[in-house]
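The sequence and structure are shown first.

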Amino acid sequence: MAGQEQRRHERREVETDEVVEPVPPAPAAGAATTSASDSEVDDLLDEIDDVLEANAETFVRSFVQKGGE
Amino acid sequence: MGLETEFGISAPGEPGASAVVLSGRVVAAYAQPAPGSGPVRRGRRPTRWDYADEAPLRDARGFELDRARAHASQLTDVPPDVAAEVRPSAGLHVAEELEEAGLANTVLTNGARLYVDHAHPEYSGPEVTTPRDAVLWDLAGDEVAREAMRRVSASPGLGELVLYKNNTDGKGASYGTHENYLVPRSVPFRDLVRALVPFFVSRQVVAGAGRVGRGQTGEQTGFQLSQRADFFETEVGLETTLKRPLVNTRDEPHATAELWRRLHVIVGDANLSPVATLLKTGTTSLVLAMVEAGEMPDLSVEQPVAAVRAVSHDPSLQHLLTLRTGERLTAVQLQWRHLEAARAFVARRQGDAVDPDTAEVLDRWEQVLTDLEADPLRCADRLDWVAKLRLLEGFRRREDLSWDAARLHLIDIQYADLRPERGLHARLVGRGAVETLHTPAEVAHAVTTPPEDTRAWFRGECVRRYGDAVAAASWDSVVLDVPGRTSLQRVPVLEPLRGTRAAVGALLDRCGTAADLVAALTGGRPAS
């Protein structure tokens with residue numbers, strides 16, 4: 001994984017001349033997962049899908065809190 | 001130490017309802033005996049809070065804020081004035097209900113306080129001595145919240161009420177999860193600040209709960225590590241509700257003031273994953289131990305307030321922080337520095353015979369940092385931000401969603417929904433996808449039972465044994481109302497490590513009533 005290599009290099013502060021493309025802000029899930037855990041993730045997403053509030057737009061808009069500490 | 005959680009609250013069927021009134025219902029529902037839980041004791045009422053020792057305006061830097069200059073939300077030493085909540089058009093009964101709700105407070109048999117803080121129900125857990133116990137009584141608080149939710153939702157005439165263990169609505173409001181650590185007064189406050197600022201800048205990679213949206217109102221799209229990072233505006237200060245500081249200076253020790261200060265940490269997120277809570281409290285305790293011993297290396301970073309946000313806004317964990325020395329490190333690498341210092345410190349102190357609690361924190365800390373460097377997704381079973389990001393990325397990939405999609409904001413909020421059947425974290429626990437540290441039976445026990453090794457034991461046991469005779473209580477007092485005495489009898493408990501089961505268990509066992517206890521404590525002084 002490019003990101004992993006880059007981190008290793010920075011940590012050891014060697015090969016600083018090796019230019020690595022900046023990693024996009026959010027790591028892509030699954031980039032390092034195997035197909036077995038992919039099916040596990042799909043199974044998980046199916047379960048989550050079943051319990052998610054039906055109207056996301058309305059729900060998110062109406063979730064308003066007062067400030068606290 | 002102890003943990004406090006202000007819960008997010010909503011009543012889907014009553015969109016315009018006052019959050020103070022809803023929060024009051026939560027506290028009142030829990031303060032009353034559960035339906036079918038046996039005979040209701042006559043006159044049983046919630047235990048009031050004893051405000052005598054509260055001093056929210058005292059500053060650890062050695063001065064006190066002028067009351068007149070304080071914001072109303074800082075005046076937490078008096079029952080809240082809810083007049084501001086009442087709309088002019090509202091009838092008298094609304095004002096009365098608000099007044100009652102704003103005062104809602106109870107002290108639980110596990111030593112915790114459950115009350116309405118601002119416009120949220122808050123569970124302030126009992127004092128504990130280990131990170132594992134901090135986790136246990138924090139989980140007990142989640143169960144208290146669940147039970148209160150169930151009771152309100154089951155009450156005739158009241159609609160469903162939902163509690164969330166999160167810290168922002170994504171629209172500009174934030175509410176806190178606070179940690180409290182007992183620190184000797186002899187430790188200079190500036191040493192605490194110097195150590196804690198860089199530690200808090202980097203701690204989010206472990207303790208962040210994850211958030212969809214960036215900026216206080218979510219004005220920018222994207223994912224970030226922390227719920228709270230965007231709400232901190234200054235490095236050091238007294239406030240908790242506005243201009244929030246990374247290090248809070250409130251000097252309200254709730255203990256013998258000459259000996260102790262209570263470090264009030266407001267920068268953290270509410271964690272649902274037990275390992276995240278263990279590491280949050282355990283690693284902070286280790287840093288404090290090093291400061292106390294004068295052995296904490298200086299890891300100060302440049303522009304820490306901006307750095308907190310930059311770290312939070314970069315889930316790839318690549319952002320480089322600049323230390324005062326000029327060195328550049330990622331937040332994970334900065335956490336490694338803290339871990340290495342802690343390992344060396346513990347080795348100097350304890351050699352090979354490291355106590356199991358400390359050993360567990362050090363080992364888990366190392367494992368998490370190793371996994372974060374290899375592939376953050378490996379931490380999905382232990383860290384909240386990773387567990388949440390895994391779900392979000394899954395849906396993003398499957399449904400080709402952009403970061404401003406309502407579905408993703410929904411997942412962010414519903415992750416923290418405390419209903420077992422609807423909460424996404426709860427579903428992950430149900431699937432065995434979250435590493436747990438305690439059994440459900442241990443958590444259930446902690447809902448009703450105080451920790452044995454702090455004064456929380458005395459407080460909780462007084463409430464359990466003497467019930468109605470406990471007129472009020474606070475962190476450092478129990479106030480008893482006993483027959484034959486015209487005035488209330490206030491028992492101070494200023495030392496957090498006294499009032500333990502070992503110290504006062506036999507005494508309480510001997511005293512069948514609160515009157516017996518007062519007699520024993522006053523050495524048989526005649527009733528006044």
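In this predicted model, the contact (heavy atoms within 4.5 Å) draws 67 residues from chain B and 42 residues from chain A. Together the two chains bury about 4700 Å², counted as the accessible area (1.4 Å probe) lost on being put together, summed over both; carbon and sulfur atoms carry 54% of it. On the side of chain B, the residues that lose the most area to chain A are B:Gln318, B:Arg398 and B:Arg431, together 14% of what that side buries.

Between chain B and chain A there are 10 salt bridges, each a side-chain nitrogen of Lys or Arg within 4 Å of a carboxyl oxygen of Asp or Glu. In one salt bridge, B:Arg390 meets A:Glu40 at 3.4 Å, N to O.

The model contains six cavities of 30 Å³ or more. A cavity is a set of points on a 1 Å grid over the protein atoms alone where a 1.4 Å probe fits but cannot get out, and its lining residues have an atom within 4 Å of a point; the volume is the space filled by probe spheres set on the points, which are joined across faces, edges and corners.

| Cavity | Volume |
|---|---|
| Largest cavity | about 100 Å³ |
| Second largest cavity | about 50 Å³ |

The largest cavity has 14 lining residues, with B:Gln204, B:Ser226, B:Val267, B:Gly268 and B:Asp269 nearest its centre. Residues lining the second largest cavity include B:Val205, B:Leu225 and B:Gln318.

Residues are numbered from 1 along each chain as its sequence is written, and chains are lettered from A and ligands numbered from 1 in the order in which they are written. Local features need pLDDT of at least 70, side-chain atom pairs count only at pLDDT 80 or more, and totals for chains, interfaces and linings use all residues, while side-chain values use heavy atoms, with hydrogens and water left out.

Conventions: 1 Å grid on protein atoms, 1.4 Å probe; cavity = no way out; pocket = protein on both sides within 12 Å on 5 of 7 lines; lining within 4 Å.
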